[in-house]
Amino acid sequence: METQVKTLDSLMQTNNPNILNLLTKDVSFGHSNGWIQNIDDFKKDILSKKVDYKLVTQTALKEFKIYKKTASIRRIIHVVGTYKSYDFAMNLSVLEIWIKKAGHWKLWSRQSIELKN
């Protein structure tokens with residue numbers, strides 16, 4: 001499970017389309033700006049580099065729970081990137097729900113909120 005989370009961050013950081021292999025077909029992303037994406041939206045944006053991530057680093061693991069084939073992870077990440085032509089850097093509190101399908105952990109849902117300093 002820990003490996004999958006690190007792989008997710010690494011692939012996101014490089015805008016690698018292989019990230020799609022870590023997602024369920026009905027994945028839901030809730031972004032800190034209120035933007036919600038499904039798999040098709042995410043795929044389109046990752047391929048077009050609408051959001052171009054330069055750095056995705058976990059700074060704290062707040063909670064990690066597994067029940068049967070479901071994992072709930074709360075963590076803090078630091079992200080740096082560009083949205084269209086605007087640079088950004090922020091700390092996010094992220095809740096991820098992962099489910100185990102055919103022996104592999106897949107991201108099913110992710111919600112983030114920006115942490116203000």
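**Entry 1: the pocket**

I began with the pockets and noted that the largest pocket has a volume of about 360 Å³. The model is a predicted one, in which I take local features only at pLDDT of at least 70 and side-chain atom pairs only at pLDDT 80 or more, while totals for chains, interfaces and linings use all residues. I number residues from 1 along each chain as its sequence is written, and side-chain values use heavy atoms, with hydrogens and water left out.

For my own record, a pocket here is an open set of points on a 1 Å grid over the protein atoms alone, where a 1.4 Å probe fits and where protein stands on both sides within 12 Å along at least five of seven lines; lining residues have an atom within 4 Å of a point. Grid points are joined across faces, edges and corners, and the volume is the space filled by probe spheres set on the points.

Of the 22 residues that line the largest pocket, I found His31, Ser32, Tyr53, Met90 and Leu92 to be the closest to its centre. I then asked which strand gives the largest share of the lining of the largest pocket. That strand is E5, with six residues, and E1, E3, E4, E5 and E6 each supply at least two residues of this lining.

**Entry 2: the sheet**

I take helices (H or I, at least four residues) and strands (E, at least two) as DSSP runs numbered from the N terminus, and I call two strands paired if DSSP finds at least two bridges between them. On that basis six strands form an open sheet of mixed pairing, in the order E2-E1-E6-E5-E4-E3. Strand E2 (36-37) and strand E3 (51-67) stand at the edges with a single partner strand each, so one side of each is left without a neighbour in the sheet.

I looked next at E5 (residues 86-101) and E6 (residues 104-115), which run antiparallel and are joined by eleven bridges. Lys101 stands opposite His104 in E6, and the bridge partner of Lys100 in E6 is Trp105. E1 and E6, by contrast, pair in the parallel sense over four bridges, with Leu107 in E6 as the bridge partner of Leu23.

**Entry 3: positive phi**

The hairpin of E5 and E6 has two residues between the strands, and there Ala102 takes a positive phi near 50°, although Ala102 is a residue other than glycine. I use buried for under 20% relative accessible area, exposed for over 50% and partly exposed for what lies in between (1.4 Å probe, protein chains only). Ala102 is exposed, with a relative accessible area of 78%.

I noted a positive phi of about 55° for Lys84 too, which is not a glycine. Lys84 sits in the loop between E4 and E5, and its relative accessible area of 58% makes it exposed.

**Entry 4: aromatic pairs**

I count rings of Phe, Tyr and Trp (its six-membered ring) as a pair if their centres lie within 6.5 Å, with planes under 30 degrees apart taken as stacked, over 60 as edge-to-face and the rest as tilted. By this rule the count comes to three aromatic pairs. Trp35 and Tyr83 form one that is edge-to-face, at 6.1 Å centre to centre and 65° between the planes. Trp35 lies in the loop between E1 and E2 and Tyr83 in strand E4, so this pair ties together parts that are 48 residues apart in sequence. Trp35 is partly exposed at 24% relative accessible area, and Tyr83 also counts as partly exposed, at 31%.

In a further pair, the ring centres of Tyr53 and Phe88 are 6.2 Å apart and the planes stand at 90°, so I record it as edge-to-face. Tyr53 belongs to strand E3 and Phe88 to strand E5, so the pair ties together parts that are 35 residues apart in sequence.

Is Tyr53 buried or exposed? Tyr53 is buried, with a relative accessible area of 15%.
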